[in-house]
Amino acid sequence: MNVRLLFLCALAAGAVALGGCSQPTPVEEQAQVKQAFDGLKDQVALGHAGLALAYLDRATLDYLQAAATRPPSSTEPTADLLIRRAAEKLTPGGVGPGFTLAAPLQRLLDQGVLNPRDLEPLTLGAVSVEASGERAQAEAFWHGDGTTLQIHFQHEDGGWKIDLLNLLPYASSALTMDRAIKRETEDEQVARLISALPNP
């Protein structure tokens with residue numbers, strides 16, 4: 001074997017070794033998922049809306065932005081209606097060109113409507129990372145007790161982001177149950193919930 005071929009083989013072996021070392025182990029991936037979750041909680045606790053939103057995945061951010069800015073529709077889900085009405089109420093000057101999700105969220109944080117203490121009891125159970133390394137999920141725990149509610153994560157831009165879209169069916173069911181208990185129409189329910197938010 002000549003020196004050139006030996007050098008190329010050594011280079012290839014080194015690249016394989018380095019590539020293997022650069023890939024996080026399953027335990028490291030699980031820790032990174034939990035760090036993303038804790039990062040969101042930390043930024044909410046610090047009152048940083050923009051930095052908190054950075055922990056959400058693109059699909060979640062796109063959904064929230066669309067729900068807040070699209071024209072009203074008689075067929076839109078109650079959750080979408082709530083998001084739009086809340087954004088309209090919490091955003092000085094209203095929802096218009098240049099609207100960002102950080103403005104209404106910051107208002108909620110500043111007014112103490114979204115209280116960091118409310119998130120303290122919320123933790124994650126064991127994290128399961130898919131073989132592809134692109135998706136992960138973990139059970140939400142409340143005061144140390146399992147809830148069966150799964151929090152989903154998406155690997156994006158070199159890190160883990162929280163995917164909240166799977167929680168929409170739960171939110172819809174909760175809103176429906178709340179209306180039934182209070183014997184309200186959807187409009188009455190939305191008006192009640194929005195009235196509890198601070199004015200801009």
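Residues are numbered from 1 along each chain as its sequence is written. In this predicted model local features need pLDDT of at least 70 and side-chain atom pairs count only at pLDDT 80 or more, while totals for chains, interfaces and linings use all residues, and side-chain values use heavy atoms, without hydrogens and water.

The protein chain holds 9 helices and 4 strands, taken as DSSP runs (H or I, at least four residues, for helices; E, at least two, for strands) numbered from the N terminus. Of its 200 residues, 32% are buried, that is, under 20% relative accessible area with a 1.4 Å probe and protein chains only.

Helix α4 covers residues 58-69, and because its 12 residues at 1.5 Å a residue should span 16 Å, the 16 Å between its end C-alpha atoms agrees; the expected span is 1.5 Å times one less than the number of residues. Within α4, T60, Y63, A67 and A68 are buried. They lie on the same side of α4, because they cover an arc of only 125° around the axis, judged by the directions from the helix axis to the C-beta atoms. The elements against which these buried residues pack are tabulated here.

| Partner of α4 | Residues |
|---|---|
| α5 | 78-90 |
| β4 | 159-163 |
| α8 | 168-182 |

Contact here means heavy atoms within 4.5 Å.

The lining of the largest pocket has 40 nonpolar, 2 polar and 2 charged residues, where Ala, Val, Leu, Ile, Met, Phe, Trp, Tyr, Cys and Pro count as nonpolar, Asp, Glu, Lys and Arg as charged, and the others, Gly among them, as polar.

Methods. Buried means under 20% relative accessible area, exposed over 50%, partly exposed in between (1.4 Å probe, protein chains only).
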